[in-house]
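Here is a friendly briefing on side-chain packing and aromatic rings. Please have your viewer ready as you read.

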Amino acid sequence: MTELFVDGLLDGQLERHAEVTAAMREQLPQVQAVADELIRRLAAGGVLYTYGNGGSAADAQHLAGELIGRYLRERRPLPAVALVGDAAVVSCIANDYAYDDVFARQVTALARPQDMVVGFSTSGASPTVVNGLAAARANGACSVAFTSTRGKDLAAAADLAVVVPAEETARIQEMHVLALHLISELVDRWAVGTDTVESP
């Protein structure tokens, strides 16, 4: 019974993961565009702000961690803020205003024209993510959507977008992690090349 379960269900999940991974090749130009724009803004003194809900909140923190810490290479820390981690700020906005405003209000307070704001949403329909990117555009910051084929409207409303060619939440989140790793690779290479002290 266990062998049938593994062979039938888990193998199918791996097959689907591989299919979506292969289909992500069509998104490589968008991934490159996000990395290039992020590098341009970091070079100009900008900051990355990122957010999402649930698993997407973890992705947002993951991206910020890769920039402030490091991806593969020893290099200087890069400015990034995940807007999901301050419980006092998030609960204050949710209580005094509305949960739909938890990211938009932070973006309005913090984002400047030289910054980038990245919203993760598997569905592309989360009001918190939609409102946050709208606030980024209102502030003149670059708005970036990490979404899926379910989120074409969000992608169209953002300055840049990485759109996973899938509709299953698990596969979408897996590809969001892949995309943020690809972006981190490109940013790492740039940052090491511009460090004033040679990395070991």
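In this predicted model, methionine 116 touches Val34, Glu37, Leu38, Arg41, Val47, Leu48, Tyr49, Cys142 and Val144, leaving aside residues up to four places away in sequence. Met116 is also among the residues with the most contacts inside the largest nonpolar core, which has 32 residues.

**Nonpolar cores**
- Alongside Met116, the residues with the most contacts inside the largest core are Leu38, Leu48, Phe146, Ile183 and Val187.
- Two or more residues of this core come from each of α2 (28-43), α3 (55-68), β3, β4, β5 (160-164) and α8 (169-194).
- The most comes from α8, with 8 residues.
- Another core, of 23 residues, lies apart from it and includes Ala104, Val107, Leu133 and Ala161.

**Aromatic pairs**
- Searching the whole structure gives 2 aromatic pairs.
- Tyrosine 51 and phenylalanine 103 are stacked, at 4.5 Å centre to centre and with 25° between the planes.
- Because tyrosine 51 belongs to strand β1 (residues 48-52) and phenylalanine 103 to the loop between α4 (87-96) and α5 (104-110), their pair ties together parts 52 residues apart in sequence.
- Both tyrosine 51 and phenylalanine 103 are buried.
- Phenylalanine 120 and phenylalanine 146 make a tilted pair, with 4.6 Å centre to centre and 40° between the planes.
- Phenylalanine 120 is in strand β3 (residues 116-120) and phenylalanine 146 in strand β4 (residues 142-148), so this pair ties together parts 26 residues apart in sequence.
- Phenylalanine 120 and phenylalanine 146 are both buried.

**Charges over rings**
- Arginine 76 lies over the face of tryptophan 190, 5.1 Å from the ring centre.
- Arginine 105 has its charged end over the ring of tyrosine 97, at 4.1 Å from the centre.

Technical notes. Residues are numbered from 1 along each chain as its sequence is written. This is a predicted model: local features need pLDDT of at least 70, side-chain atom pairs count only at pLDDT 80 or more; totals for chains, interfaces and linings use all residues. Side-chain values use heavy atoms; hydrogens and water are left out. Rings of Phe, Tyr and Trp (its six-membered ring) pair if their centres lie within 6.5 Å; planes under 30 degrees apart count as stacked, over 60 as edge-to-face and the rest as tilted. Helices (H or I, at least four residues) and strands (E, at least two) are DSSP runs, numbered from the N terminus. Buried means under 20% relative accessible area, exposed over 50%, partly exposed in between (1.4 Å probe, protein chains only). A charge sits over a ring if NZ of Lys or CZ of Arg is within 6 Å of the ring centre and within 35 degrees of the ring normal. A nonpolar core is a set of buried Ala, Val, Leu, Ile, Met, Phe, Trp, Tyr and Cys residues joined through side-chain atoms within 4.5 Å. Contact means heavy atoms within 4.5 Å.
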